[in-house]
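These are my notebook entries on one protein model. I wrote them while looking up its parts in turn.

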Amino acid sequence: MMVIGVSVDESADDATNRALALRATFPVVLDPHMTLAARYRVAQIPLTFVVDHGGTVRWVGRDPADCRRAVEHVLHEGSDAGGAAADDKPWAAPGAPNPG
């Protein structure tokens, strides 16, 4: 599993200072022109995406407990030889953006 933060701050210094203040232990990329935010249709910040190993967005939301369940589900699928069917995602956000 990998965690990547995306900062929409306008400067690298602002993004770095914010990451340090939050004690981020993961890489943070800078998106000052909101290119990634637009591509993933981000309407509110902060927002969390859970993306599976194939690059499909499997969950979008803000609730930490729901995020944990989504991550655990995706990790379990990856370790399960059979895995869950692609449409067997009761926890996935309806209409989750999946840029192609």
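What is the mean pLDDT of the protein, and what share of its residues reach 70 or more? I looked up the mean pLDDT (the predictor's confidence in each residue, from 0 to 100) and found 82, with 79% of residues at 70 or more. For residues 83-95 I noted a pLDDT below 50, and 15 contacts (heavy atoms within 4.5 Å) beyond near neighbours in sequence.

I kept in mind that this is a predicted model, where local features need pLDDT of at least 70, side-chain atom pairs count only at pLDDT 80 or more, and totals for chains, interfaces and linings use all residues. Residues are numbered from 1 along each chain as its sequence is written, and side-chain values use heavy atoms, leaving out hydrogens and water.

Helices here are DSSP runs of H or I, at least four residues, and strands are runs of E, at least two, numbered from the N terminus.

Is proline 64 buried or exposed? Proline 64 lies in helix H3, and I list it as exposed because its relative accessibility is 63%. Buried means under 20% relative accessible area, exposed over 50%, and partly exposed in between, with a 1.4 Å probe and protein chains only.

Last, I looked up valine 3, found in the segment before strand E1 (5-7). Valine 3 counts as partly exposed because its relative accessibility is 39%.
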